[in-house]
Amino acid sequence: MSATAPAVPPAQAGGTPPAPPPSGAPTRADTPRRRAQRRRRLVAALFLLPALLLLGALVVYPILFSVGRSLFDASGTRFVGAENYVEMFRDPTTLKAIRNTAVWVVVAPALLTGLGLILAVLTEKVRWATAFKLLMFMPMAISFLAAGIIFRITYEQDPERGVLNAVAVGVHDVFADRPAYPGARAREDAGDTPVAEGKDGSYGTAADLSPGDTVSLGIVGVPPKEVPADARPAARAPKAGDGVLAGTVHLDFTPGGGGEPGRIDSGERGLPGMKVQAVRDGKVVGETTTAADGSFRLTGLEGGSYAVRLPASNFAEPYGGVSWLGPALVTPAIIGAYLWIWTGFSMVLIGAGLSAMPRDVLEAARMDGANEWQIFRRITVPLLAPVLTVVFVTLVINVMKVFDLVYIIAPGPVLQDANVLAMQMWLVSFGGGNDQGLGSALGVLLLLLVVPAMIFNIRRFRRSRS
């Protein structure tokens, strides 16, 4: 059976092209569906245009301008290439800022993530968990400026202003004796028994006193408000006897003027609570404390020559607390203020991840005999690993940009000891350095350090969405 040839349209058989579609009919490339797609894209582009303009003006343009500006000198007129980047790593101040930033990146995010995890787990078992989380999150509502001022006062060296040092001094004074008359001194080379200052800050007489003798020791440099309220008029002639050295420690100052230095005059008061020692051959053989009228008696002494000494502990400066804002502790102190602000943020995010955790896994572990520590270490932490990673990386990005707290809390003399990259960039560009070429190079370095963490976070978000 022979195959039948397909019919050929007359137009094609004669070689004439097909007639075009009627006017107004949609073509294959211009269907209603394609027109709707183009319309949606146009509307989306119009909505995105303001955001793209802002992004370009506030992000893209400053980045490109900073990169270009970092290749010029301080005046911006001479092209220097990579010289600013080389100078950046030769400057000791910048190197210290990089080291401090590294300390921030390693310490602050790790502590915040750990504290947030512990508090999130503990608050699950607290009845008033919501109120506690609210209180912990409240510092996030305070600006860094206000928080810096709060902690600048908290870290004050003066215990009357600084809360931390007030607590430290109070605890110290519970376990150690407070100096009786800080800053005072004995009047030397005056009166019948001259007194000389020792190398250790003590004051004493020469070793020419014997049991039965009396001595008066005048003290100056005691402000009237520091004189104890129970101080009485100085005893003029305390009684001595066999084996006893007696005397008076008095404030050698006569109200209204007059009086003779080194002697007890009318109106002068004794100084109670002063430690007095009897010294023989360089060894302390007797010790006592002055009474309310300043009198003292050193008893039980054998025959021989003695010196009377006022130990340096009577005149030592009182314990002033810890130098929180000194060169050694200023960076840890500022990190502590940062922890106070951001711990609530970390706790709330980790708590959200904890609330989404499948409870049947925890119950199965408890039924298998696992204790709470084993559940926390082997189940809770591994299941929260994605959340912990996001919190940690977010805080790493944040601490690289820290500026406000360092600028406000660190006093001027130790500002360089607390310096970080963001602070150094500002100081070099606008804080007196006036070298915007080097400052732009520092800004580019900071951007390069932040970008990997941002990319990591974006990829984590995309993976979690998929």
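The second largest cavity holds about 40 Å³ of space. A cavity here is a set of points, on a 1 Å grid over the protein atoms alone, where a 1.4 Å probe fits but cannot get out; grid points are joined across faces, edges and corners, and a volume is the space filled by probe spheres set on the points. Its lining, meaning residues with an atom within 4 Å of a point, consists of Ala180, Tyr181, Pro182, Ala184, Gly221, Val222, Pro223 and Glu226. Searching the whole structure turns up two cavities of 30 Å³ or more.

A word on what you are looking at: this is a predicted model, in which local features need pLDDT of at least 70 and side-chain atom pairs count only at pLDDT 80 or more, while totals for chains, interfaces and linings use all residues. Residues are numbered from 1 along each chain as its sequence is written, and side-chain values use heavy atoms, with hydrogens and water left out.

Next come the pockets, which are open sets of points with protein on both sides within 12 Å along at least five of seven lines. The largest pocket contains about 540 Å³ of space. Its lining has 22 residues, and Pro62, Ser66, Met425, Gly443 and Val444 lie nearest the centre. Helices H2 (32-69), H13 (421-429) and H14 (436-465) each supply at least two lining residues, with H14 giving the most, nine. Helices are DSSP runs of H or I with at least four residues, numbered from the N terminus.

Is Ser429 buried or exposed? Its relative accessibility is 6%, so Ser429 counts as buried; the cut-offs are under 20% relative accessible area for buried and over 50% for exposed, with partly exposed in between (1.4 Å probe, protein chains only). Ser429 and Gly439 are 10 residues apart in sequence, yet their C-alpha atoms are 4.9 Å apart. Leaving out residues up to four places away in sequence, Ser429 touches Asn434, Asp435, Gln436, Gly439 and Ser440, where contact means heavy atoms within 4.5 Å.

Now turn to helix H6 (residues 144-154), where Phe144, Ala147, Gly148, Phe151 and Thr154 are buried. They cover an arc of only 120° around the axis, so they sit on the same side of H6; the arc is that of the directions from the helix axis to the C-beta atoms. An α-helix has 3.6 residues a turn, so residues three or four places apart point the same way. The buried residues of H6 pack against H7, H8 and helix H12 (404-409).

In H7, the buried residues are Asn165, Ala168 and Val169. Their arc is only 95° around the axis, which puts them on the same side of H7. The face turned away from that side carries the exposed residues Val163, Val167 and Val174.

Beyond its neighbours within four places in sequence, Leu405 contacts Phe144, Ala147, Gly148, Ile334, Ala337, Tyr338, Ile341 and Ala410.
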